Amino acid sequence: MTRDIAVVAFAQSDIRRTTEESSEVEMLMPVLHDVLHRTGLKTADIGFTCSGSSDYLAGRAFSFTLALDGVGAWPPISESHVEMDGAWALYEAWVKLRTGDADTALVYAYGKSSPGHLRDVLTRQLDPYYVAPLWPDSVALAALQAQALIDAGDTDERELAEIAARSRRAATLNPHAQQRGSHPQGDYVVTPLRHGDCPPIGDGAAAVILAAGDRARELCDRPAWIRGIDHRIEAHSLGVRDLTDSPSTRLAAEKAGAFERPVDTAELHAPFTSQEVVLRKALKLDDSVRVNLSGGALAANPVMAAGLIRIGEAATRVHRGEADRALAHATSGPCLQQNLVAVLEGDPR
Amino acid sequence: MLKAPLVVEFPFTRSLGPVQSAFLTGLRERTVLGVRTTDGRVLVPPVEYDPVTAEELRDLVEVAPTGTVTTWAHNPAPRRDQPLATPFAWALIRLDGADTALLHAVDADTVHTGMRVRIRWADDREGAITDIACFEPYDGPAPELTGHSGEFADPVTGIVAPARLDYTYSPGRAQTAYITALSQQRTVGERCPRCRKVYVPPRGACPTCGVATAEQVEVGPHGTVTTFCVVNIKAKNLDIEVPYVYGHIALDGADLALHGRIAGIPYDQVRMGLRVEPVWTEGARYPDHYRPTGEPDADYDTYKELL
Ligand SMILES: [Zn+2]
């Protein structure tokens, strides 16, 4: 069965360094209400619900079950969860809608990084035999990739600083962003990455509503149709990969149809400046494409929600008529380990 | 707002397949093994399946303890549990004889791509990646290989990778109010503005309506046993004699039952509808157990919705 699926609404919280006054569900609920309000749907109207979050951020097993209170999970609903960024929850919801089992889906994601030490927490997603016992933190692994790019002549520290500055300048127009405007590059965190090359650590939540066919047209003036969506993964071992390239992103983009016609807008999930260099190359984006008008992950990187936010930001520009064909990218894992690409289009005007 | 340190600590116990077992046993014996793919490449660290073709790999081959840095990152401020406590460089290192690189630490102030290094072995080795203490600069030739077959008399078959993560836990507004009230031996719930149900303990949201709850309501102290079970197996580190009764208790005024131990009555006389009250012990932060109040049993109709 083929049916067109669209993003019809998007909402996100302000991303902040800490939200210790709120539990996860308290942080999430206003975002859920916001996204439902944009369509006029009530929780009981939603055909399928899917979320992305991480127990390691929460420091608690099955932490997503507590957040379910916010979606009105009683009486029982059709629901699923991925222990990944919400972009992958959106992929699952897209599949569910494609099968015809539901006409609408609510996708949400949240992450509170503030309770723990994120650089340490993220080491627990690494290969437990050869890598995790060494505790290489997320900045260190990104720095190895950045140095490989510099050695290959693909970038230099000056270009990285320009990516950082451009992202945070763009974020001045994004009221939800955590780091906006000029921000010093600062000292090295792990050479060659400076503070400015790294994303802020923050708490936040995001939610998207998907709808199929005519239902999408009823709920949104200009739905952002998902023309293609695909996700791929690199070899597990970092030392096997060419860190200066992202073949999985390129393959996902190809399968999503991104290369069939040029896109006018791209939202890339590049938590580190150096990763934008890799992604631009893999996605063949030239200067004609507006990249990360939201400021991207360098301006706000709530872990587990930042990828879904990329899809939401791209869709919102289609909704507003500011973009006709947009690419959204999400990543998960160290050094762009896993990559998801979605192509969104508005109806012709 | 309440806050407290929360430590999550676990020994991650994993078994090893034949290839990982040979590699980690080799490290214990100061021998580095890779695995050869069908197209002749040597992967170090070795994996059981070819990352390109997914073919099963078993052909172990010895490589040198010396190698070349393929990329690096200087780490000025080592974090807890990282290989060295003083500033070092992370590096991907392609060992002589290997076609892929291994992640580890290099003990040197300055590192560059192409730099030659060798393994510094840990004094105490047990068959783990940490048997390599780190790498160190080395400009000599690669040593002669022993031609090790990868067969060991006493192979390592598993690893225990201890992990510890530290958090500052904050339960949020609703649960903070609940815990604070408990410290005064009171139980508070929150009423849903839409369906009017009172949730105990409150989590800040009504799971039926999906809206925030805010109106605080004191419930109890008396309540009704809605259902129960008899526990016959003694839990580790728990100083309660078996058999004992664990039950769901709907405190008066609450629309959700909470659970607790029921005592002060023989275990085989506990019943649905039994009226109970909390028993607090000195300095406790929650009721130790619930005991019968002596009131007549509650009518089934009064609590059947709370089962
Ligand atoms: Zn309610």
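Modeller: Of the 46 residues that line the largest pocket, those nearest its centre are Tyr178(B), Val200(B), Pro201(B), Leu258(B) and His259(B). The model is predicted, so local features require pLDDT of at least 70 and side-chain atom pairs count only at pLDDT 80 or more, while totals for chains, interfaces and linings use all residues; side-chain values rest on heavy atoms, without hydrogens or water. Residues are numbered from 1 along each chain as its sequence is written, and chains are lettered from A and ligands numbered from 1 in the order in which they are written.

A pocket is an open set of points, on a 1 Å grid over the protein atoms alone, with protein on both sides within 12 Å along at least five of seven lines; a cavity is a set where a 1.4 Å probe fits but cannot get out, and lining residues have an atom within 4 Å of a point. The largest pocket has a volume of about 1600 Å³, a volume being the space filled by probe spheres set on the points, with grid points joined across faces, edges and corners.

Chain B itself is divided into domain 1 (8–164) and domain 2 (168–306), with bounds taken from an automatic or database domain assignment. The C-alpha centres of these two domains of chain B are 54 Å apart. The peptide bond between Gly220(B) and Pro221(B) is cis, omega being near 0°, and Pro221(B) lies in the loop between strand E13 (215–219) and strand E14 (223–231). Asp81(B), in the loop between strand E5 (66–75) and strand E6 (88–95), has a positive phi near 75° although this residue is not glycine. Most residues other than glycine have a negative phi, and most peptide bonds are trans.

The second largest pocket has a volume of about 650 Å³. Its lining has 37 residues, and Leu122(A), Ser138(A), Pro199(A), Phe272(A) and Asn301(A) lie nearest its centre. Two or more lining residues come from each of helix H5 (118–121), helix H6 (138–151) and strand E11 (325–332) of chain A. H6(A) gives the largest share, 4 residues. The lining of the second largest pocket divides into 21 nonpolar, 13 polar and 3 charged residues, and each of domain 1 and domain 2 of chain A supplies at least three of its residues.

These domains of chain A are domain 1 (5–116 + 200–219) and domain 2 (118–199 + 227–345). Their C-alpha centres lie 22 Å apart. Their contact takes 39 residues from domain 1 of chain A and 41 from domain 2 of chain A, contact meaning heavy atoms within 4.5 Å.

The largest cavity has a volume of about 170 Å³. It is lined by 16 residues, the closest to its centre being Ser23(A), Glu24(A), Arg60(A), Tyr169(B) and Ser170(B). Helix H1 (24–39), helix H3 (64–67) and strand E4 (104–112) of chain A each give two or more residues to this lining. The classes in the lining of the largest cavity are 8 nonpolar, 4 polar and 4 charged.

Helix packing in chain A remains. Helices H7 (157–170) and H10 (273–283) of chain A pack at about 95° with their axes 8 Å apart; axes are lines fitted to C-alpha atoms, for helices over the stretch in contact, and angles run from 0 to 180 degrees between N-to-C directions. H7(A) and H10(A) are therefore roughly perpendicular, the term for 65 to 115 degrees, whereas angles under 35 count as roughly parallel, over 145 as roughly antiparallel and the rest as oblique. Helices H4 (86–98) and H11 (306–319) of chain A have axes 6 Å apart and pack at about 60°. H4(A) is therefore oblique to H11(A). In this contact Gly86(A), Ala87(A) and Leu90(A) of H4(A) meet Gly307(A), Leu308(A) and Ile311(A) of H11(A). That contact has 4 nonpolar, 2 polar and no charged residues.

How values were computed. Nonpolar A, V, L, I, M, F, W, Y, C, P; charged D, E, K, R; others polar.
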